[in-house]
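Please look over the sequence and the structure below before reading on. The text then takes up a few places in turn.

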Amino acid sequence: MDIVYTIWLRSMKRYVRSKSRIVGSIAMPLFLLVFLGFGLNSVVSATSLGQQYVMFLVPGMVAMSVLFTSVFSGIQIIWDKQFGFLKETLVAPVSRLEIMFGQTVGGATTAVIQGIILMVLAVLLGLRIENPAGFFIALGFMILVGISFTAFGIAIASRMEDMTGFQLIMNFVVFPLFGLSGALFPISSLPKWLEPITLIDPLTYGVEGIRYGLTGASQINPLISLAVIAGFAVAMTVAGAWLFRKVSV
């Protein structure tokens, strides 16, 4: 556990020292929330959930912040490869599994912090969490989303050497995941042929879980959302650990 804590602490220190990273990760979700949410609030109706569009948008933007921060934390693996830190770590008498868990927990923690910051800003913009327990429900789903996609990012980064290639692949994967997750529109408003594709997207269940916690409304049973996103987190952690064990430097 000392190794996991050390790697986690390193991630936290890097995060705190990188002010541009903090601001950059919040800027796009906040921009979409303010301009898209308030701009379309009067013309878009999320009547299926009985909410104003801007409030419907908040959980999706929180999930977006967590998703992008967690996935791109995998780039740290490639960075460490190029600068020799990973080689020094791997030759030490420690388990690769512990190193991978430390990276995963560190990336997930920074992602959840980003999500909490955005959630606080949303409260200032008018979001009301009726049930105090809802915050902790949303937080739990944010943690699962963070672990899932941090492990996913590490799994991909473990097989790559080039940071530019990693970013291109992640953009190719992440934007469809986000776009199909129901973060921007109610799932019930989709054409029937598109609904099954949305339900295959694991992020859909994270978004709906966060939405249930923050607003008390959800189009998917929260227990189903919990089971799916928790199962996906376990699967991605196992896959990430397996691929990370094969890293060569």
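The model is predicted, so local features need pLDDT of at least 70 and side-chain atom pairs count only at pLDDT 80 or more, while totals for chains, interfaces and linings use all residues. Residues are numbered from 1 along each chain as its sequence is written, and side-chain values use heavy atoms, with hydrogens and water left out.

The largest pocket has a volume of about 560 Å³. Its lining comprises 23 residues, and those closest to the centre are R21, T69, F72, S73 and I75. Two or more lining residues come from each of α1 (2–17), α2, α3 (53–72), α4 (75–83), α6 (96–124) and α8 (163–179). Helix α3 gives the largest share, five residues. By class, the lining of the largest pocket has eleven polar, nine nonpolar and three charged residues. A pocket here is an open set of points on a 1 Å grid over the protein atoms alone, where a 1.4 Å probe fits, with protein on both sides within 12 Å along at least five of seven lines; lining residues have an atom within 4 Å of a point. The volume is the space filled by probe spheres set on the points. Helices are DSSP runs (H or I, at least four residues), numbered from the N terminus.

Side chains of opposite charge can pair when their charged atoms come close. The structure holds two salt bridges, each defined as a side-chain nitrogen of Lys or Arg within 4 Å of a carboxyl oxygen of Asp or Glu. One joins R211 and E208, at 2.8 Å from N to O. Because R211 and E208 are three residues apart in helix α10 (residues 202–215), about one helical turn separates them. Both R211 and E208 are buried. The other pairs K192 with E195, whose closest N and O atoms are 3.8 Å apart. K192 is exposed, at 68% relative accessible area. Buried means under 20% relative accessible area, exposed over 50%, and partly exposed in between (1.4 Å probe, protein chains only).

M28, F31 and F35 make a nonpolar surface patch of about 340 Å². Such a patch takes residues with over 30% relative accessible area and no salt bridge, nonpolar side chains (Val, Leu, Ile, Met, Phe, Trp, Tyr) being joined within 5 Å. F31 lies in helix α2 (residues 19–40) and counts as partly exposed because its relative accessibility is 45%.

Two residue pairs remain. A133, in helix α7 (residues 132–157), is 80 residues from G213 along the chain, and their C-alpha atoms are 7.6 Å apart. A133 is partly exposed, at 37% relative accessibility. F178 is placed in helix α8 and counts as buried because its relative accessibility is 7%. F178 and S95 are 83 residues apart along the chain, with 34 Å between their C-alpha atoms.

Key. Patches are made of residues with over 30% relative accessible area and no salt bridge: like charges are joined within 9 Å, nonpolar side chains (Val, Leu, Ile, Met, Phe, Trp, Tyr) within 5 Å. Accessible areas come from the Shrake-Rupley method with a 1.4 Å probe; for residues, only the protein chains shown count as cover. Ala, Val, Leu, Ile, Met, Phe, Trp, Tyr, Cys and Pro count as nonpolar, Asp, Glu, Lys and Arg as charged, and the others, Gly among them, as polar.
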